[in-house]
Amino acid sequence: MKIAIIGGGPAGLYAAILLKKQRPEAGITVYERNRADDTFGFGVVFSDATLDNFEKYDPPSYRRITREFAYWDDIAVHFRGTVHRVGGNGFCGCSRRTLLLILQERARELGVTLSFETDIEDEARFADADLVVLADGINSRFRDKYIGHFQPEVDLRSNKFAWMGSTRPLDAFTFIFQESEWGPFIAHAYQYEAGRSTWIFETDPATFERAGLEGLNEKQSADRMAQIFGWFLEGHPLLTNRSMWRNFPMIRSKRWVKDNMVLLGDAKATAHFSIGSGTKLAMEDAIALADAMARAPTVEAALGQYEEGRREEVEKTQHAADVSLVWFEHVDRFWDFDPVQFAFGVMTRAKAITYDNLTLRAPDFVREVDKAFATQVRATGFDVDVEKPDAPMFQPLRLREMEIANRAVVSPMCMYSAEDGVPGDFHLVHYGSRAIGGAGLIFTEMTCVSRDARITPGCAGLWNDEQQAAWRRVVDFVHANSAAKIALQLGHAGRKGATKLMWDGMDRPLEEGGWDVISASPLPYFPDSQVPREMDRAAMDAVKAAFVQAAERGEACGFDMLELHCAHGYLLASFISPLTNQRTDEYGGSLANRLCFPLEVFEALRSAWPAHKPMSVRISATDWAEGGIIGDDAVKIARAFAEAGVDLVDVSTGQTVRDAQPVYGRMFQTPFSEQVRNEARVATMCVGNITTSDQVNTILAAGRADLVALGRPHLVDPSFTLKAAAWYGADGVFCPPQYLPGKEQIFRNSVRDRQDFDDLKIKAKPKTRAELKAEATKPLAAE
Ligand SMILES: Cc1cc2nc3c(=O)[nH]c(=O)nc-3n(C[C@H](O)[C@H](O)[C@H](O)COP(=O)(O)OP(=O)(O)OC[C@H]3O[C@@H](n4cnc5c(N)ncnc54)[C@H](O)[C@@H]3O)c2cc1C
Ligand SMILES: Cc1cc2nc3c(=O)[nH]c(=O)nc-3n(C[C@H](O)[C@H](O)[C@H](O)COP(=O)(O)O)c2cc1C
């Protein structure tokens, strides 16, 4: 067998080693355009888990690599004169040059031919090869040559970065967030061998320009960085080696294989440097390729298996890297945060590290986070314990004169079970049990302002006395039997009206018994849905009056708060999104015009609703569709409502058009809440695939939302909050006297359960190499 490998980086060399071990008879050549020791860059980093993999696949290179490595366990975050250190991270750093020399040596030993200073222009010279590995890096010539086949998507990110080195020793993976006269700069730094550390500097494009970095050469820009970070460098120089400022390209390729050619490493996909996974991905690609070659009967089958088997893992890492890079791009959102909350945000930015997880490995840090959170709450007038504070989820919040005992919320959820809009016994039990279950705030389902405003025949309404009396019964029960506050969500279905009950076909038009529907523009939701009537001014006046009347009835019921539903493609949302609003009058066109009618309704409600009671608005912060609303629009929408007096923005997404492409995942809408909260400076509630109290605390502590709503988790667990309170020992949570013995039991048991759980987790976690090394070098205690 003959194998040609283009590119002698970590991917190409490691593939050569593993394939040669597997097929000693094969003729394997690595073609590298540079000289053998002519490598750019400084250090690379691997996690303990990656090293375990290397040990399994090639012990000799693993041993040589780990002999040369620097280990560390802590991450240190420097921000506004403070430093927060968090342990238990398990990373290793090594010089990229040393790594490549080790891999070259090992490849030679096994009989791989290494052909340096050989720039491959055309793969036609390998016509007789059985396999051609394209490991030619981030600017892959061959990926571009066959661009129509591989279909790479290159997303050039906005921030500028430069990779430098220093002799400054470091004992932790170090992030430095530094204000300068030009704006914020970030350093990502770690030691990779004695007396050598990698320094990646990053800044936003405006700061880059203000700092005049564009015109500077390498030496001059290193001097500028040394000027900004001089206080930390302590006289150590910054070293350069092709340290130009660049924009990071996020690369994803639709296909990785063409005939007998396969893309490996950065050539096929990249992961942002802030999660330090580029070299890991490159070498693990080589492992996956070698595994597939060992298993499959033909090269063709092996390449198919490699692509199919490896893609998910690569995409997962890329997703984590995306989330992380976006955090760094928007660091200005957090720049005025309390330093400990800022550090918590850095640690938890990519979702893998959470509040509970940090409590286990850095309890003092989390205690500080809790104290800072409680101190902020205290500053708003609550007499909360700052020395031994409850977890963020159990801190109170005030909106106007309404006080919510904790931050867990039951999200609005249609039950499709009303008769002629009248909520019945099901609703009383449903809302009542969730209120008793401990949530701080309960939202009603979308309650429709008129008969024709309903989504389905089972939707609840508030346009007549019978409905008002039925809602009053629910509100009275909640107030009499729980500490929960209850908010009324008012809405109008618009073009999504006259549709079937959820379980009969969501958003599908009724076959009989329907009613005429209205919208901003005459666009049906499905091609076979009813074509809505475009609203004229008279229809707008009628709808506004219906909202005001429903709000007045809501006040008569005793609701604590009012929410205006401007999300999910319903009537008011249909005005806001350009995908559903194609009007040419003053209610269409610019975002300001499209907001006119929803704001008019909001203002009318704000005047009708008592001044001491808060109001929220629910928005779709993105349509997840080309040409639709995006996060930046959501900030403008939130600002407009805030100016009109909104107290809270309930940040949801999508459901505007049926061909949207939402990106689901854990907490998938939280980034939009974070953006709206910290750019528009308005209180937010986030929601969407948040399923654990650990996630709730992580979101709140990092300042990504002020309240956290859970929908589906509350459908199956009315006592979500009470159980979470037991887990965190927040015994101030409300429990009706009838249920107190149950509360006492769960609180007692939870202390033991939590201890057992933590012990298990600690036992299950392998020791990091840094810990093992520290233990091995620790002097023996005197007997
Ligand atoms: C600023 C920055 C910081 C980073 N920090 C880290 C980190 O801390 N940890 C980490 O793991 N990773 C890090 N990376 C990522 C890491 O450098 C790459 O992801 C990794 O090197 C990819 O390996 P590769 O073999 O795919 O590509 P490369 O290492 O780029 O190797 C490709 C090789 O192909 C050669 N080549 C290209 N074209 C041809 C041709 N036509 N003919 C012959 N040879 C050719 C090139 O000369 C090069 O040697 C960082 C990257 C950047 C940009
Ligand atoms: C059965 C059901 C009914 C819903 N009805 C409404 C509603 O009436 N009003 C509304 O704003 N959102 C409604 N939603 C959306 C939820 O409020 C929430 O945003 C969504 O379920 C995502 O949160 P989750 O992942 O916690 O469930 C509904 C969701 C479900 C599952």
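A salt bridge is defined as a side-chain nitrogen of Lys or Arg lying within 4 Å of a carboxyl oxygen of Asp or Glu. The structure is a predicted model, in which local features need pLDDT of at least 70, side-chain atom pairs count only at pLDDT 80 or more, and totals for chains, interfaces and linings use all residues. Residues are numbered from 1 along each chain as its sequence is written, and side-chain values use heavy atoms, with hydrogens and water left out.

In the whole structure, 50 salt bridges are found. One of them joins R157 to D155, with an N to O distance of 2.8 Å. D155 is partly exposed, at 30% relative accessibility (buried means under 20% relative accessible area, exposed over 50%, and partly exposed in between, with a 1.4 Å probe and protein chains only). A salt bridge also links K258 and D259 at 3.1 Å, N to O. K258 is buried at 18%, whereas D259 is exposed at 59%.

K258 also takes part in strand pairing, its bridge partner in β17 being M261. Strands (E, at least two residues) and helices (H or I, at least four) are DSSP runs, numbered from the N terminus; two strands pair if DSSP finds at least two bridges between them. Strands β16 and β17 (residues 261–263) are antiparallel and share two bridges. Both belong to an open sheet of six strands with mixed pairing, ordered β8-β2-β1-β9-β17-β16. Its edge strands, β8 (113–115) and β16 (257–258), each pair on one side only.

In helix α9 (residues 278–295), K280 and E284 are four residues apart and therefore separated by about one helical turn. Their closest N and O atoms lie 3.3 Å apart in a salt bridge.

Terms used
Chains lettered and ligands numbered in written order.
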